[in-house]
Amino acid sequence: MPPTRGAVQSREIAMDSEKLEKEKKSFVYNKDDEFYSAPAFCYLLHYRNAAVFCGILEVLLLIVAVLVFLNLQLEKANIRIWFVITLVIFLVFATITTLLMIYGIVTEKPKYMWPLMAFMHIEVTILITSAIASITSMSMGLQATHRLFGLYVSIHKLEKHFGPIWPFNLAILSFFAATIVIWSYIMVRGAYDYLLDKEYFTRKSSIEMVKTIVVNGV
């Protein structure tokens, strides 16, 4: 007598269950697991090291920006002094939040990483807004450019130094800087999640994670 459909299905389910059980690999939490190597850094650095690198890189780039605008001010490009002061304030905030992040990584206290992540959100918002304003002003003509950027710099001096398409160059720099900040945020967020994982599994050392290989979308 041939087996019924129900018996065949039960046998298939049993075989699938056995197969899945074999594919389950239990492993104990490891802080240096490959899972915590930053993909955005080509897996070359652990998230915690990549976050420190990105924080220092951000501070260095802001220092370069401040020096560039100070140089323009010395060359009488009529950069508004309050604009330079604003950049210096941003540099101070970036330095403080980066130091807090490094302290949080060293002491394994993820809460100290939140100020830098919040500051990065502000940076990206300002940079994207600046890029959009630059492209918009260039497409609308000189009058729009003077109205949008006349409060910050002398438009005539900038055109003399960088040519008539300087808003386009500013937009490129803004998008590039925003990309770097977003890339850095990925590293910092990864380090933050790593510290949360370490805190959780250190408190519950008896917990074992189960890594399941998903086959055919099951």
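How many residues does the largest nonpolar core have, and which of those residues have the most contacts inside it?

Reply: Happy to take you through it, keeping in mind that this is a predicted model. The largest nonpolar core has 21 residues. Those with the most contacts inside this core are Met101, Ile105, Met113 and Val188. Two or more residues each come from helix H2 (47-74), helix H3 (81-107), helix H4 (114-140) and H7. Of these, H7 gives the largest share of the core, namely seven residues.

Leaving aside residues up to four places away in sequence, isoleucine 105 touches Arg48, Ala51, Val52, Met113, Ala191 and Leu195. There is also another core, lying apart from the largest one and made of seven residues, including Leu62, Leu87, Leu91 and Phe119.

Threonine 202 counts as exposed because its relative accessibility is 52%, and the cut-off for exposed is over 50%.

The secondary structure comprises seven helices and two strands, and along the sequence they follow the pattern α-β-α-α-α-α-α-α-β. Of the 218 residues, 29% are buried. Among contacts with a separation of 6 or more, 68% join residues 24 or more positions apart. The protein exposes about 14,100 Å², with carbon and sulfur atoms supplying 68% of that area.

In an unreviewed entry, UniProt lists residues 50-70, 82-106, 118-144 and 165-186 under "transmembrane region". Two of these spans can be compared with the model. Residues 118-144 are 96% helix and 0% strand, and their end C-alpha atoms lie 32 Å apart. For residues 165-186, the figures are 95% helix and 0% strand, with the end C-alpha atoms 33 Å apart.

To come back to your question, the core of 21 residues has Met101, Ile105, Met113 and Val188 as the residues with the most contacts inside it, and H7 supplies its largest share.

Notes: Residues numbered from 1 in each chain as written. Predicted model: local features only at pLDDT ≥ 70, side-chain atom pairs only at ≥ 80, totals over all residues. Heavy atoms only, no water. Buried < 20%, exposed > 50% of the residue type's maximum accessible area, 1.4 Å probe, protein only. Core = buried A, V, L, I, M, F, W, Y, C linked by side-chain atoms within 4.5 Å. Helix = DSSP H or I, 4+ residues; strand = E, 2+ residues; numbered from the N terminus. Contact = heavy atoms within 4.5 Å. Areas by Shrake-Rupley, 256 points an atom, 1.4 Å probe, with all protein chains shown as cover. UniProt positions renumbered as here; feature names shortened; annotations may be inferred.
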